[in-house]
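Let us walk through this model in two stops. Keep the viewer open as you read.

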Amino acid sequence: MIRWMTAAAVLGGLGALAGVPVDEAHGPRVAGPVAVSVQVDDPLTRPMAVERAPTWLAPRPPEKLFGDTWLVGFGGLSVALIDTGAGLVLIDGALPQAAPMILDNVRRLGFDPKDIKFILSTEPHFDHAGGLAALVRDTGATVVASTRAAEGLRTGAHAPDDPQLGYGGTWPRVTQVRGVEDGEVLVLGNTRITAQATPGHTMGSMSWSWEACEAGTCKAIVFASSLNPVSFPGYRYTAPSSAGILNGFTQSYRRLDGLACDILISPHPDNAGDGRYDSRPGACRTYVERSRRLLAARLATERGETVP
């Protein structure tokens, strides 16, 4: 059973969202009895960030995190998979060219990608959302994102207030996407996943939290959105127009500081520590402190102050 919940009400009508197929992927062409593989320029998996891809998409085997949660991503970009008992939930989609590799990792765990009901998005940037359109096409899943991020996913472009807007560029647009608000809960099978608004890196950034259980022990898992205060050269966080961004970071720090957080996953694993995730005590607080330091240093530099 699939439903979205707030503290006050259940939001109906979601059953029709899952499992709606779109255009099928291109396959090999056959001439007579011999199958001939033909290279097809698939616009949904056309490579992006080619110079960074070897690092971002460094192959990693699927790894069990805890309970029914796995990592199915890469050395430099995280993708998580949750088996709810009534369908699968994927979190983030990496680069466009990563989509086939993500689905291969899902298969390696013995799951059918067609059982993916939802794909949760942390932010509308090409390195985490670029693969969403291909994943939707190949699984029939519905993407879920913050209302602000959903706008960017539908257009495949940065929002006007995005600190990285100046980089330009687009990524494959996602047509099968649902926007949700802070605090809404996805209930699927035996799993409840809560949307945690964490603006700053983008104003539409969303973190996701859930509980995974194994052998009578349960742990709180947080897939946090990026908190890096990075931007296109020339953007100023100290400008009056950036006040909303700074307020967003403050809100996100408060939110993540207060979350139960036994295991932390971040979109870029190296932002959370040395491995693919951080299970040390206070992982989310450490993640927040890293961002606080980086943002303070950035503000000091913009003001011409000496950075300690």
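Which residue's side chain does a polar contact of 3.3 Å join to that of Glu-123? The partner is Ser-226. Bear in mind that this is a predicted model.

Start with where Glu-123 sits. Glu-123 lies in a loop. Is Glu-123 buried or exposed? Its relative accessibility is 0%. Buried means under 20%, so Glu-123 counts as buried.

Now look at what surrounds Glu-123. Its side chain also makes a polar contact with the side chain of His-125, at 2.8 Å. Set aside the neighbours within four places in sequence, and Glu-123 is in contact with His-128, Ala-129, His-201, Thr-202, Ser-205 and Ser-226. Take His-201 from that list. In sequence, Glu-123 and His-201 are 78 residues apart. In space, their C-alpha atoms are 8.5 Å apart.

The second stop is a pair of helices. Helix H6 covers residues 243–258, and helix H7 covers residues 283–302. Their axes come within 9 Å and cross at roughly 160°. Angles over 145 degrees count as roughly antiparallel, so that term applies to H6 and H7. The crossing of H6 and H7 is left-handed.

Which residues make the contact? H6 supplies Leu-246, Phe-249, Tyr-253, Leu-256 and Asp-257. H7 supplies Cys-284, Arg-285, Tyr-287, Val-288, Ser-291, Arg-292, Leu-295 and Leu-299. By type, the residues of this contact divide into nine nonpolar, one polar and three charged.

Note on methods
Residues are numbered from 1 along each chain as its sequence is written. This is a predicted model: local features need pLDDT of at least 70, side-chain atom pairs count only at pLDDT 80 or more; totals for chains, interfaces and linings use all residues. Side-chain values use heavy atoms; hydrogens and water are left out. Helices (H or I, at least four residues) and strands (E, at least two) are DSSP runs, numbered from the N terminus. Buried means under 20% relative accessible area, exposed over 50%, partly exposed in between (1.4 Å probe, protein chains only). Contact means heavy atoms within 4.5 Å. A polar contact is a pair of N or O atoms within 3.5 Å; within protein, one must be able to donate a hydrogen and the other to accept it, and residues adjacent in sequence count only if both atoms are side-chain atoms. Axes are lines fitted to C-alpha atoms, for helices over the stretch in contact, and angles run from 0 to 180 degrees between N-to-C directions. Angles under 35 degrees count as roughly parallel, over 145 as roughly antiparallel, 65 to 115 as roughly perpendicular and the rest as oblique. A crossing is left-handed if the near helix is turned anticlockwise from the far one by less than a right angle, and right-handed if clockwise. Ala, Val, Leu, Ile, Met, Phe, Trp, Tyr, Cys and Pro count as nonpolar, Asp, Glu, Lys and Arg as charged, and the others, Gly among them, as polar.
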